[in-house]
Amino acid sequence: MKRLLWGTAAILLLSPSCSNSEKQEIIQVPFNEVTITGGFWQCRMNSELETTIPFSLKHCDAAIKRFEQCADFLSGSSTELPETHRFISSDLYKVIEGAAYSLMLKDDPETESLIDSFAVLAAKVQRPDGYLYITHICGNPNPDEMGDKPYSWVVHSHELYNVGHLYEAAAAYYQATGKTNLLDIAVKNARHVNKVFFEGDPNYNGGKPVNQAPGHEEIELALCKLYKVTGDTLYLDMAKKFLDIRGVTYRPEGEGVMSPEYAQQHAPVALQREVAGHSVRAGYLYTAMAQVDALTGRSDYAEALNSIWDNLVSTRMHITGGLGAVRSVEGFGAKYELPNKEAYDETCAAVANVFFNEGMFLASGDARFLDIAELSIFNNALAGINLAGDRFFYVNPLEADGQWGFNHGKTGRAEWFGCACCPPNISRMILQTPGYMYAYTDDAIYLTLYGSSRTAITLDCGKVELNQTSDYPFSGEVTVDVNPGAGSRFSLKLRIPTWADGTGNFIPGGLYTFRNRAGEPVRIKVNGKNVRYRIVDGFVVIDRYWDAGDRVELSIPMPVRYVIADSRIEADRNATAVTIGPLVYCAEECDNADRVQNLAIDTEGWGTTCMSTISGGPLDGVRKVICPGSRDITMIPYYAWDNREDSQSM
Ligand code: FUB
Ligand code: ZN
């Protein structure tokens, strides 16, 4: 998609571009090479490191106990069997992954020793051949859920889902510490899976290769990570094989969780054209497809992914970037089936949406994917965790009445869940967010998500230090100090979000459009002088010789915008949403002494809104807005709701 927008003053193309015309690989700057220096992300990173990680580790006791019981049972020191559970181990692995990321940012010997002890335990439980799934190892499966023996119910047992999360945790811990204790377990398991699924192992499935894709995707993207940290192409080959047999070698033919669509098994993945089924599964699948294409340098899935993405953003995504509107299947419904109060929008699905869109950006260089990643981060994903970092939403509706226990029985946030997939998912994502800020090719640097931060990037022409200051997403003012080692030429690509590009769309896809115009255009200055620019693929490209001390100032206006949804979304007819920059706003009962469902906004009243920053209390530093209507309506960013009390909200 090309977008054109012209600003003022002189164009900055000083001489022909040095970039070669061949498509270059776009590389993300890893999160641990970006230092957050203030602003929005500093608070979130601090609450992660200080609260969420230790808090989550404490909630792993039940999962660790199963490993201990299994080890004791195997050694003969106890006859007590661990409780059967399909995927509680995966929650523990995800917590370990997040904890490993935290170790990359801050030393914590206690956390490290806890992970090391767990690795000892896991090695005791793992079968000598590499198999690792407690219930079958201890021989006490619930056959309806796990099958009566290993890999006999691949469609729902979650055996491969669990070890996928183990691979991700092991890769992260290896990157953080250089230790191979978990990685050795992961590698042994992956080799075993390869033998059983693709070669044949006399001890499983009568010696015939299982050759069936798992019902819950995850191992595919995890194998990509294993490949990246080990360099062993076996894992990339396995990821591709698992993708290519999906919907080919096995296809359930029932309904609900046994429907062919539920786990995206209705067609070979390269031929799928619309989003379908369970949203977390779908999100992990699409992420893996994008990654396998990128890592193999092929475009086997590009047509499918582009079509699926178009279908997603133009028919089946909530304004918060939430996926999986339908509670009964935790997944996608019919086109435009996007209810508000009943919306499911699992936190894990929002996280998957971020992973998917980051992958699509890296494959294409097109910022429209970053618009969706950003939308999902700032709205649905961040809503999944409170500001203090110790209470969670699994389900993220767009309206709540304060009565219904929509959040797996709770009317508001929960401390943890029996099925705790979401808390560690959002936790591991937040720690990786600095990695979504910068990317680069040989001769270009992309600024992809704004926020106060510092990094250094090595281009062909040498090392470039960048120091960015911004209160984004509460302000669109961004200052970047550029310091190349020696005067050198490269492009700086500044992302201009769709909501600021003058096209009248909040996000790509046309589902959500503005009632009011943007007003002021985006302005860019280099060393104090206005730059005339155009936007290509969502970026302004400043191609010039850079010198130490050069300063870029980007000003993205962030007025209050009123948004209407496509009229085919029945639940949103006659409704107006309020957005500021990438943030979707909502009204809570505690700010509005009235049933919020009774409030009516003046749909033309955007000119008299009033923004201010909250000082003190749980929402300290959050930008609120007062909009005119049946009364003055106080609104806060959607991600910040239910941080004060469980109440009505919309
Ligand atoms: O099945 C594992 C996880 O549990 C899924 O990703 C979530 O949707 C929840 O059902
Ligand atoms: Zn979840």
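Begin by selecting Asp-642 and Arg-413, whose side chains form a salt bridge with an N to O distance of 3.9 Å. This pair connects distant parts of the chain, 229 residues apart. Asp-642 sits in the loop between strand S21 (633–637) and strand S22 (648–649), while Arg-413 sits in the loop between strand S3 (400–401) and helix H15 (422–432). Both Asp-642 and Arg-413 are buried. Please note that the model is predicted.

Next, select Glu-97, Glu-168, Lys-225 and Arg-428, which are joined into one network by salt bridges that share partners.

Proceed to Lys-240 and Asp-300, where a salt bridge joins the side chains at 2.9 Å, N to O. Lys-240 belongs to helix H10 (residues 233–245) and Asp-300 to the loop between helix H11 (279–296) and helix H12 (302–315), so the pair ties together parts that lie 60 residues apart in sequence. Lys-240 counts as buried at 16% relative accessibility, whereas Asp-300 counts as partly exposed at 28%. Arg-298 is partly exposed, its relative accessible area being 46%.

Asp-61 lies in helix H2 (residues 61–75) and is exposed, with a relative accessible area of 53%.

Finally, display the whole protein chain, which contains 15 helices and 22 strands. Its C-alpha trace spans about 75 × 60 × 50 Å along the principal axes. Of the 650 residues in the chain, 59% are buried.

Note on methods. Residues are numbered from 1 along each chain as its sequence is written. Chains are lettered from A and ligands numbered from 1 in the order in which they are written. This is a predicted model: local features need pLDDT of at least 70, side-chain atom pairs count only at pLDDT 80 or more; totals for chains, interfaces and linings use all residues. Side-chain values use heavy atoms; hydrogens and water are left out. Helices (H or I, at least four residues) and strands (E, at least two) are DSSP runs, numbered from the N terminus. Buried means under 20% relative accessible area, exposed over 50%, partly exposed in between (1.4 Å probe, protein chains only). A salt bridge is a side-chain nitrogen of Lys or Arg within 4 Å of a carboxyl oxygen of Asp or Glu.
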